[in-house]
Amino acid sequence: MAGQLRARRGSVRRRDTGMVSAELAAAVPAVVFVLAVALNAVVIGIDQVRCADAARLAARSAARGDSAGAVQEAGMRNAPAGARVGVAGDTWVRVSVTSPVPGPLGWLAGDRQLSATAQAERELAAEEGAP
């Protein structure tokens, strides 16, 4: 009887051979995909912060009375690649920065774009032309 029990255990072990390899082969692509989505989300978050910083810095530049070209340059210098900077307003300057969603999985966001807007009131010295 003990011999039969040992024989059964041995046959069970032989049937399970390779089971871990098959499970691992099925799980690795899922883990890689989840990791890629997580890394892409981090890149999207970084670019969103860059859009906000670019809008803020360009609005500050416009509030100081810098030229439209200088305001555009300040925004583009700090914005992510492929971004657009828009400036509007007279007393209150409103700067909008939009950028396409980055990364290989950016298509998951659909037609949405990253965007940020900042406002600043023109400084009195800038309006009067004082240094």
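Trainee: Which residues are buried in α2?
Mentor: In this predicted model, the buried residues of α2 are N40, D47, C51, A54, A55, A58, A59, S61, A62 and A63.

Trainee: How many residues does helix α2 have, and what does it reach from its first C-alpha to its last?
Mentor: Helix α2 covers residues 19-63, which is 45 residues. From first C-alpha to last it reaches 67 Å, close to the expected 66 Å.

Trainee: Where does the kink in α2 lie?
Mentor: The kink lies at A27, shortly before the proline P29, and amounts to about 25°.

Trainee: And what follows α2?
Mentor: G65 follows the helix, with a positive phi near 100°.

Trainee: Changing topic, how many salt bridges does the structure hold?
Mentor: The structure holds three. One of them joins the side chains of R56 and D53, at 3.4 Å from N to O.

Trainee: How are R56 and D53 placed in helix α2?
Mentor: R56 and D53 are three residues apart, so about one helical turn separates them. In general, residues three or four places apart in an α-helix point the same way, because there are 3.6 residues a turn.

Trainee: What about D66?
Mentor: D66 forms a salt bridge with R64, their closest N and O atoms being 3.1 Å apart. D66 is partly exposed at 30% relative accessibility, and R64 is partly exposed at 45%.

Trainee: Which side chain meets E73 in a salt bridge?
Mentor: That of R77, at 3.2 Å from N to O. E73 and R77 lie four residues apart in helix α3, and R77 is exposed at 56% relative accessible area.

How values were computed:
Residues are numbered from 1 along each chain as its sequence is written. This is a predicted model: local features need pLDDT of at least 70, side-chain atom pairs count only at pLDDT 80 or more; totals for chains, interfaces and linings use all residues. Side-chain values use heavy atoms; hydrogens and water are left out. Helices (H or I, at least four residues) and strands (E, at least two) are DSSP runs, numbered from the N terminus. The expected span of a helix is 1.5 Å times one less than its number of residues. The bend at a residue is the angle between axes fitted to the seven residues ending there and the seven starting there. Buried means under 20% relative accessible area, exposed over 50%, partly exposed in between (1.4 Å probe, protein chains only). A salt bridge is a side-chain nitrogen of Lys or Arg within 4 Å of a carboxyl oxygen of Asp or Glu.
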